[in-house]
Amino acid sequence: RLLFTCCHPALAAEARIALALRVICGVSVARIARAFLATEPAMYQRITRAKAKIRAARIPFETPPPGEWGTRVGAVLETLETALGIAYRDAAGEGETEGLAPEVERLAALLAELMPDEAEAHGLLSLVLLVRSREGARVDGKGTMVPLSQQDVTLWNARRIEAGRAALDRATALRQPGPLQTLATIHLAHAMRWRRGRTDWTAVLRLYDALLAMRSTPVVAINRAVALSRARQPEDGLAVLDELDAERLADFLPFHAARADLLARVGRRNQARAAYEAALALAPEAAEARFLAAQLAALPD
């Protein structure tokens with residue numbers, strides 16, 4: 001009920017999601033701001049205004065009748081997807097985000113049950129299951145983050161992978177394509193390394209091309225650039241990153257981390273060092289900070 005209340009159409013789209021993340025998921029304003037590439041004061045104001053509008057409009061604390069779900073389900077899905085991203089950013093799953101991923105999975109499963117004919121609800125559930133299937137491999141014995149491409153697939157949860165595949169099958173059977181299903185398919189393509197021993201980066205790149213057509217966002221563009229660097233050459237991915245709005249992404253850690261990796265791979269060590277330092281300056285979670293510091297230390301002089 002809280003989730004559907006927060007996602008009332010009377011509120012601005014971004015404010016709905018931010019409010020739901022703060023009130024329901026307990027995510028800090030700072031983390032929400034980072035997820036939206038906004039400043040913390042600006043995000044605090046949006047959440048405060050959204051709360052005031054709920055009071056002023058006397059928006060009821062209730063689940064709307066099924067006939068009204070269509071006007072809110074998009075924001076509900078995006079809220080849970082954003083919460084998953086915030087939880088995923090902390091590879092160790094500790095501190096403030098501890099328990100967030102299991103709660104997102106619980107809510108995603110409930111939403112898919114409540115809306116069996118909503119393909120993107122099943123797509124979200126598939127995405128959550130596939131992302132969570134790798135939790136046991138995301139941090140090594142020293143507490144350092146392990147990137148997806150370097151994870152030990154024997155530590156992945158096969159049951160979750162198969163459950164994620166089944167949820168995606170249910171979604172595609174409804175013939176209502178959407179970005180969450182495409183994103184889940186990307187994660188399923190990565191999960192196939194568990195069986196095939198390799199990642200089909202060409203397929204992953206094609207899927208990111210499709211996702212970028214649905215969602216022209218910096219996050220998708222950065223991930224597509226990484227896929228491009230794997231499917232072709234590091235220089236190709238780096239060229240795409242260099243075309244992005246570096247000023248807007250100055251405080252976005254994944255941008256600097258991806259750029260640092262590609263710069264290192266093409267031998268531009270001084271620039272790679274600066275990019276790693278920029279990423280570390282943005283206060284990453286402990287496990288990711290250890291990984292970035294190790295990559296920085298490994299750069300040749």
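User: At 22% relative accessibility, what does Arg215 count as?

Analyst: The model is predicted: local features need pLDDT of at least 70, side-chain atom pairs count only at pLDDT 80 or more, and totals for chains, interfaces and linings use all residues. Residues are numbered from 1 along each chain as its sequence is written, and side-chain values use heavy atoms, with hydrogens and water left out. Buried means under 20% relative accessible area, exposed over 50%, and partly exposed in between (1.4 Å probe, protein chains only). With a relative accessibility of 22%, Arg215 counts as partly exposed.

User: With which side chain does Arg215 meet in a salt bridge?

Analyst: A salt bridge is a side-chain nitrogen of Lys or Arg within 4 Å of a carboxyl oxygen of Asp or Glu. The N to O distance for the partner of Arg215 is 2.7 Å, and that partner is Glu81.

User: Which parts of the chain does the pair of Arg215 and Glu81 tie together?

Analyst: Helices (H or I, at least four residues) and strands (E, at least two) are DSSP runs, numbered from the N terminus. The parts tied together by this pair are 134 residues apart in sequence, because Arg215 lies in the loop between helix H11 (201-214) and helix H12 (218-231), while Glu81 lies in helix H5.

User: How many helices does the protein chain have, and what is its radius of gyration?

Analyst: The protein chain has 16 helices and zero strands. The globule rule gives 19 Å for 301 residues, and the chain comes close to it, so the chain is as compact as a globular protein of that length. The radius of gyration is taken over C-alpha atoms, and the rule is 2.2 Å times the number of residues to the power 0.38. The values asked for are 16 helices and a radius of gyration of 19 Å.

User: Which side chain of opposite charge is nearest to Glu288?

Analyst: Glu288 has its place in helix H16 (residues 286-298). Lys and Arg count as positive and Asp and Glu as negative, while His and the chain ends are not counted. Contact means heavy atoms within 4.5 Å; leaving aside neighbours within four places in sequence, Glu288 is in contact with Arg89, Met145 and Leu253. Glu288 is buried yet has no salt bridge, and the nearest side chain of opposite charge, 6.1 Å away, is Arg89.

User: Is Leu130 buried or exposed?

Analyst: Leu130 has its place in helix H7 (residues 119-132). Leaving aside neighbours within four places in sequence, Leu130 is in contact with Ile161, Gly164, Ala184, His187, Leu188 and Ala191. With a relative accessible area of 1%, Leu130 is buried.

User: What is the relative accessible area of Arg175?

Analyst: Arg175 lies in the loop between helix H8 (158-173) and helix H9 (179-191). The C-alpha atoms of Arg175 and Ala119 are separated by 7.6 Å, although the two are 56 residues apart along the chain. Arg175 is exposed, with a relative accessible area of 74%.
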